[in-house]
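Dear colleague,

I am handing over the structure we spoke about. Please look through it first; my notes on what was found follow below.

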Amino acid sequence: MLRKIRLGVAAALFVCENLFFISVGIGLGVFEKVQLVPALLAVNVAAIVSIAAVTLLFGRVYCSTLCPLGVFQDLVIGAVRIFAKKRFAYASAHTVLRYAILALVGVAFAFGFAAVPALIDPYSLYGRIATHLLQPAAYAVNNVAAWIADRSGHPLIFKQEIFIRSTLAFSVATASLAAIGFLAAVWGRLYCNTVCPVGSLLAVLSHRPLFRIAIDRERCVGCGLCAKVCKSVCIDVNAHTVDNSRCVDCFDCLESCHNGAIRYTAGAIGKPKCLSTSSYTKEPEYRGRCFFLMGMAYFAATTAVAIVRKHIWPVPVLVPENPPISPPGSGGSGNLLMQCTACHLCVAKCEGRVLRPALLEYGLGGVMLPRLDYSRGFCGWDCNACGEVCPNGAIHPLTLEEKRKIRIGRAVYNRVQCVLVADKVSACGNCAEHCPTKALVLVEEKDKKKYPHINENLCIGCGACEFHCPVKPLAIHVIGIK
Amino acid sequence: MNDRGITRRRILAFLTAGAMGIGGSLYGLSRAGVIRFLDEDAKDEDPVQLQRKPYPPEPGREISRLGFGGIRLPILNRNDSEMDYELGQKLVDYGVRHGMNYFDTGWVYHHGQGEVFFGKVLKKYPRESFMLADKMPTWLVHSLDDAKRFFKEQLKRCQVEYFDNYLLHSISKFDEFQNVYEKMGVLDYLKEEKARGRIRHLGFSFHSTVPTMEYLLEKHKWDFALIMLNCLEWDDENEHRQSGYRAGTLYRMLTAKNLPVFVMEPLSGGRVATLNSKAKKVLEAAELGRSLASWGMRFAASLPNVQTLLSGMNKLDQVVDNVRTLSTDFEQMTKQDHETYGRALAEYHKYPIIPCTMCRYCMPCPYGVLIPETFAWYNSFAGEGLLPADAGPNDSQALRRKFLVSYNNTIPPLARANHCINCRKCLMACPQWTFRIPVEMEKIERFVAHVQSQYDVKKSVKSTC
């Protein structure tokens, strides 16, 4: 029963999260906002406290339901089970490696080196898979439907443009899909219990949750069936113990046991009997309380650091000399480098096909962070989607009025390349025609041609002029501001 | 429009119809399907013969009422660099089998490949059995030497010793005609060639105004003329139309001079073959089973001084239909037919459109705009009276969506009207002067932006409520 509930909840959440990424419906974005790393970065206290409380009470259910990468791994393992007989066996935890990675992530974050956490944060990792692989696939299906609708004389579906937004991000998404899929197929939840910073953070809290998986020694016959289905490889049948810091509460083991010896209950099973051999049982009790306190302290400290880092004393990050154009509401590249984990939700949601993952424009630490590229569109006058959807607080939500006033770059005009000079046509003015703020106006000069002039105070850097500029190389382009 | 209830049955019907339509059109469009049809036709022992009409400038010569237009020939890839000779040869054979003996090409068709094509595929027929027409590309001639070079190259490309008909291509601007043909002396040169026998008959293809025609007929002697003539641009004698392309007046002027009239664009780029749904209803009510194209062809061919209609051979179903219409049992349009057709055209003229004939001379646009496609898309809404406009009776959120979806799905983002910079290069090439491409582009862009903003406003109001 528990397992079925878990499957149902996980499936529902997974579908919602994916639908939001492939741009169907705007209201489902709440599940992106309560992912742990984004919640920590955005100091979403309600989400952090809820996740901590749930973990303390029920263990790492987060990892089996809310985390899209966790559910994806379960899907892979499920698929493997259909085609082959998959058996897991108990292995001890890589504790040192695990917390070393967590520390590394923390340090990288503290110094605004977003690329490291961006690479291994499970939500961001899955976000890139959804944006660069799932969304194009969904678009392809959509376009076939649109083609059929067009052909039958009822054009009701918008065709979507499919293109590779960035070769690097596409490759990273493909590689991580392959790597995580492989790890899951062979070693189960190895990634979650060794590499994943979220898994490590939650592990601290779930050493001894109130409700947990435990083995009833009286009923257990030591057949080991439960250990064979355990993808977290955390059930030690010989010792009759379960490593709850690694258990992701998938409940697969509950259904494997013929004797009802393994159960999900509050507290340990068979306590009275254990109490008689005092020295044996006292230690876990003590350790449990200790871990609980330690975990709470740790979690509180993390939250406190996040708050301080964001509001009180921002860590000075290395901002590049000529920064690219960062999204409206990001508050410049410095803020983006501190807050963004490159989940690419904004990239997936960008209506103008403008947001694209950066290569080295933000420096080495800012690989894959979103930047604006005006070759396929421009930042729409009536669009503020990126700020609305950003779960990290890297791009602040803006009202349309605010967004239309925010300056993200400035247009630069290069007369030598202008179509009026290079192509010797008599009139163009396509840039001025499309400038939404009228920062760009045409002024007639001596040769009776009208040349564009830019009013720096009015220019917001939306790129309408750059997108509509007819010549290559561009006579007008937008550069980022510091 | 009434509210459409969407039921499961309707959806199923749409899906089935859509799937069948796709299957059918795929088969019809596929090259293999066309070739199979042509091979099948070659086995016919008694093919339908086209009507032939004596050609006054050359006693004893008869020309088929339908001529092979060379502007849109089968190609293997989109940028015209490779002609589809296998299919092209079969199409020409098809034409000859059905009595076609007039082939029309030009210097610019398929970037010069068009002339080479006819040279190759007509090789197997005796030179006397067919008539070949070629044209001097007026707008590319900058000196007399250019013209001489073009003419010699054309003979070489077509692999012939002489052209039966030779035309001054696309007379559209009066001063251009004066400059090229009179001042540079290209016309005198062509008359020399005619005296030498390398041109049998000299004429011109015409896209200009009535005064220009008056000048041409008064100043020079011609053997024939090629004009755009179709029911849409036709004006009656007592109509006294002053604007637009006055095909009727031009035809009467040529008739008065006893010049046989060759007709191009008899279907006005396919528009005569589609009209709009209301006009279609009128014609279907009058005579079931006759296609709109057939009505259009009959209209032009019924005029007593019309020699031959030139038609593109790219759409097989239309070719077959045209051959049937202009065959030996061609039916002249009766008075009653004229009355019916007039009623249908009145329905059609209620909704003004951009009269682009899809000749594609304007392409490629240096700034990437798909000009003919954009106009065709716009006309598909304008011609049916379906433009979502502020006060229009048809305006609704659903229609706006249909309009925007259709634009989005038909024209790629970087080829839309907003990339037109008004450089006017297309105007040099466009033979139509009743509208100006950049002006229409700007209108379309503004209109789309307007509909978009209306659609967005209504949408956002709805979503916040």
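**Chain A**

In chain A, 72% of the contacts with a separation of 6 or more are between residues 24 or more positions apart; two residues are in contact if their C-beta atoms, placed from the backbone, lie within 7 Å. The model is a predicted one, in which local features need pLDDT of at least 70 and side-chain atom pairs count only at pLDDT 80 or more, while totals for chains, interfaces and linings use all residues. Residues are numbered from 1 along each chain as its sequence is written, and chains are lettered from A and ligands numbered from 1 in the order in which they are written.

The C-alpha trace of chain A spans about 105 × 60 × 30 Å along its principal axes. There are 23 helices and ten strands in chain A; helices (H or I, at least four residues) and strands (E, at least two) are DSSP runs, numbered from the N terminus.

The domain assignment divides chain A into domain 1 (2-312), domain 2 (332-401) and domain 3 (409-480), with bounds that come from an automatic or database domain assignment. Between the C-alpha centres of domain 2 and domain 3 of chain A the distance is 25 Å. Each of these two domains of chain A gives seven residues to their contact. On the domain 2 side, six of the residues are nonpolar, one is polar and none is charged. The classes are Ala, Val, Leu, Ile, Met, Phe, Trp, Tyr, Cys and Pro as nonpolar, Asp, Glu, Lys and Arg as charged, and the others, Gly among them, as polar.

Strand β7 (residues 409-413) of chain A pairs with β10 of chain A in the antiparallel sense, over five bridges; pairing requires that DSSP finds at least two bridges between the strands. In this pair A:G409 stands opposite A:G480. A:G480 belongs to the covered face of β10 (residues 476-480), together with A:I476 and A:V478. The uncovered face of β10 in chain A holds A:H477 and A:I479.

**Chain B**

Eight strands of chain B close into a barrel with parallel pairing, in the order β3-β4-β5-β6-β7-β8-β9-β10. Neighbouring strands of this sheet are turned by 25 degrees against each other on average, direction ignored. (Axes are lines fitted to C-alpha atoms, for helices over the stretch in contact, and angles run from 0 to 180 degrees between N-to-C directions.) Within the sheet, β5 (residues 131-137) and β6 (residues 163-171) of chain B share five bridges, and B:D134 stands opposite B:Y166 in β6. Helix α7 (residues 186-196) of chain B packs on the sheet and touches β5, β6 and β7 (199-206).

Helix α3 (residues 85-97) of chain B has the buried residues B:K90, B:L91, B:V92, B:Y94 and B:G95. These pack against α2 (31-42), β3 (66-69) and α4 (113-121) of chain B. Just after α3 of chain B, B:G99 takes a positive phi of about 95 degrees.

**Between the chains**

Chain B has 18 residues in contact with 22 residues of chain A. On the chain B side, α1 (8-29) and α16 (397-410) are the elements that give two or more residues.

Regards

Conventions: Buried ≥ 20, exposed ≤ 12 C-beta atoms within 10 Å, placed from the backbone.
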